[in-house]
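Welcome! Have a look at the display, try each task yourself, and then read on.

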Amino acid sequence: MKQFEALTRKGDTQPVRYLIVDDSVFARKSLARLIESFGGELAGEASDGLSAIAEYARIKPDLVLMDITMPQMEGIEAVERIVQEHPEARIVMVSSVGYQDNILAALQKGARHFVQKPVKPDALYEIIRYVLNDDSVTAPAHAGRSSQ
Amino acid sequence: MRMDLIQPFIGSLDAVLAEMMHAPAKIADLEMEEDGYRRKGTAAVVSFKGQIEGRIILDMDPAAAAYVAGLLAGAEVDPAEPIVSEAVCELANMVIGNAVTQLNDRGFQFKVLPPSVLTEEQCARAGQDSEATILRFETPQGIVHLNIAMHYLARRNREHSPVAVS
């Protein structure tokens, strides 16, 4: 797998800590491999929205990669709940379902960006770099969708 | 079944396989099926609900499924390993998700449910609810079947029915 220049937070040299939220073990493994190639550290995993809320509060990751369609609680509702409690949360939606209503709902609830599966490593890398350097606290108006 | 609704699934499978397997998929055959579905390899089912309801089965030759699993896992995978089923579920999720995205952007509203591994019981039921269109794709790693069964809800039909003017 291609190795990327390590991503860092602004003014910090420590590895970026990620929380991956996806009901598919396989998707979580694939994303974990990608963030490793970005020089990041897997701080935690969750398989549904409810667990994601608890995990976020417990590990306070630098960035969350969040699926939308999941059992128990879907990703968009989890984003809303996490951002209500932690307005500084940086969440990127990673989903195969990328229609406008879904993207708008996610961004309105506080997600910073949207990536459609199958994920292209270069595209995800650029989006994460952008989101890590974006200092706006609430959902940015210029956040958007990256489809392949 | 309307071809304009099936086309996004064909395009999506082609695009996702090309991205994941680094090879094009060629349609080899298309058939209609009314009886229970007979699984060909490792299969996942994804249901959707809304203005169009139905389900899609992605069914892959064991070798093709193991190849995709290996690519995603970054290591060679035995076709019998459970991770292969997981990989097919994730691939089905991508194919259906991308197609549904196109259909939603064209005005059809529906929701996709999480994928699951296709069981024998689901296979038996698969042909009972509605007629299915089965597409057979050839890839360098093996055959991939896409079994599509969907129907419209009355609300959508009424919306598109001609309005009588007195």
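**Exercise 1.** Where in chain A is the place of Lys60(A)?

*Solution.* A word before we start: this is a predicted model. Walk along helix α2 (49-59) and on towards strand β3 (63-66); Lys60(A) sits in the loop between these two elements of chain A. Next, look at its backbone: phi is positive, about 45°, although Lys60(A) is not a glycine. Finally, count the surroundings. Lys60(A) has 14 other C-beta atoms within 10 Å, so it is partly exposed.

**Exercise 2.** Find the loop between β3 and α3 (75-85) of chain A and describe Gln72(A).

*Solution.* Gln72(A) lies in that loop. Its phi is near 70°, a positive value in a residue other than glycine. With 14 other C-beta atoms within 10 Å, Gln72(A) is partly exposed.

**Exercise 3.** Is His113(A) buried or exposed?

*Solution.* Begin with its element: His113(A) belongs to strand β5 (residues 113-116) of chain A. Then count: 26 other C-beta atoms lie within 10 Å of His113(A). The cut-off for a buried residue is 20 or more, so His113(A) is buried.

Now take in the rest of the strand. In a regular strand, side chains alternate between the two faces of the sheet. In β5(A), His113(A) and Val115(A) point one way, while Phe114(A) and Gln116(A) point the other way, and all are buried.

**Exercise 4.** Which way do strand β4 (residues 91-95) of chain A and β5(A) run, parallel or antiparallel?

*Solution.* The two strands are joined by 4 bridges and run parallel. One facing pair is Val94(A), which stands opposite Val115(A) in β5(A).

**Exercise 5.** What joins Lys117(A) and Pro118(A)?

*Solution.* The link is a cis peptide bond, with omega about 0°. To locate it, go to the loop between β5 and α5 (121-132) of chain A, where Pro118(A) is found.

**Exercise 6.** What pattern does chain A follow along the sequence?

*Solution.* Chain A has 5 helices and 6 strands, and reading along the sequence gives β-α-β-α-β-α-β-α-β-α-β. The radius of gyration of chain A is 14 Å, close to the 15 Å that the globule rule gives for 148 residues, so the chain is as compact as a globular protein of that length. Of the 148 residues, 48% count as buried.

Technical notes: Residues numbered from 1 in each chain as written. Chains lettered and ligands numbered in written order. Predicted model: local features only at pLDDT ≥ 70, side-chain atom pairs only at ≥ 80, totals over all residues. Buried ≥ 20, exposed ≤ 12 C-beta atoms within 10 Å, placed from the backbone. Pairing = 2+ DSSP bridges. Rg over C-alpha atoms; globule rule 2.2 N^0.38 Å.
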